[in-house]
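Dear colleague,

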Amino acid sequence: MVRKAEVQFDDGPPDDFDPNNPYADPVAMLEYREYLVREKWIDIEKAKILRERLKWCYRIEGVNHLQKCKKLREQYLESTRGIGWGKDHRPYELHGPKKETESVE
């Protein structure tokens, strides 16, 4: 028995997966599903890291956090758009930034 020196992961989806007929190759379909779940977990963990950095920035900067942490805040909000379980098929308008409504006077 030989131990590999390094673990290697597949970086992309399987080559033989056909989105038009996903049940043609069940093994490729399962590999593609594993790929999607892995990518989703990576996006979720990136958002968690950005959230922790944003908390730290707010705590350190104090009253100046609105100016000093703006770039980090925008990066965090952009990283949370479209991630999470159940947001795959929702339109972007439902989980994007809220549109400003005009006030009628």
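The notes below cover the disulfide, the aromatic rings and one serine. Please bear in mind throughout that this is a predicted model.

**The disulfide**

A search of the whole structure finds one disulfide. Its partners are Cys 57 and Cys 69, whose sulfur atoms lie 1.9 Å apart. Cys 57 belongs to helix α1, which covers residues 26-61, while Cys 69 sits in the loop between α2 (65-68) and α3; the pair therefore ties together parts that are twelve residues apart in sequence. The torsion about the S-S bond of Cys 57 and Cys 69 is about -95°, so this disulfide is left-handed.

Are these two cysteines buried or exposed? Cys 57 has a relative accessibility of 9% and counts as buried. Cys 69, at 0% relative accessibility, also counts as buried. Both values fall under the 20% cut-off that defines a buried residue.

**The aromatic rings**

In one of them, the ring centres of Phe 17 and Tyr 32 are 4.2 Å apart and the planes meet at 10°, so the pair is stacked. This pair links distant parts of the chain, since Phe 17 is in the segment before α1 and Tyr 32 is in helix α1, 15 residues apart. Phe 17 counts as buried, with 17% relative accessibility, whereas Tyr 32, at 26%, counts as partly exposed.

Tyr 32 also pairs with Tyr 35: the centres of these rings lie 6.1 Å apart and their planes are at 35°, so the pair is tilted. Tyr 32 and Tyr 35 are three residues apart in helix α1, and are therefore separated by about one helical turn. Tyr 35 is buried, its relative accessible area being 17%. Through these ring pairs, Phe 17, Tyr 32 and Tyr 35 are linked into a cluster.

**Serine 79**

Where is Ser 79 placed? Ser 79 lies in helix α3, which comprises residues 70-80. A polar atom of the Ser 79 side chain is 2.7 Å from the backbone oxygen of Tyr 76. With neighbours within four places in sequence left aside, Ser 79 is in contact with Ala 47 and Leu 50.

With kind regards

Note on methods: Residues numbered from 1 in each chain as written. Predicted model: local features only at pLDDT ≥ 70, side-chain atom pairs only at ≥ 80, totals over all residues. Heavy atoms only, no water. Helix = DSSP H or I, 4+ residues; strand = E, 2+ residues; numbered from the N terminus. Polar contact = N/O pair within 3.5 Å; in protein donor to acceptor, adjacent residues only side chain to side chain. Contact = heavy atoms within 4.5 Å. Disulfide = S-S within 2.5 Å. Buried < 20%, exposed > 50% of the residue type's maximum accessible area, 1.4 Å probe, protein only. Phe/Tyr/Trp six-rings, centres within 6.5 Å; stacked < 30°, edge-to-face > 60°.
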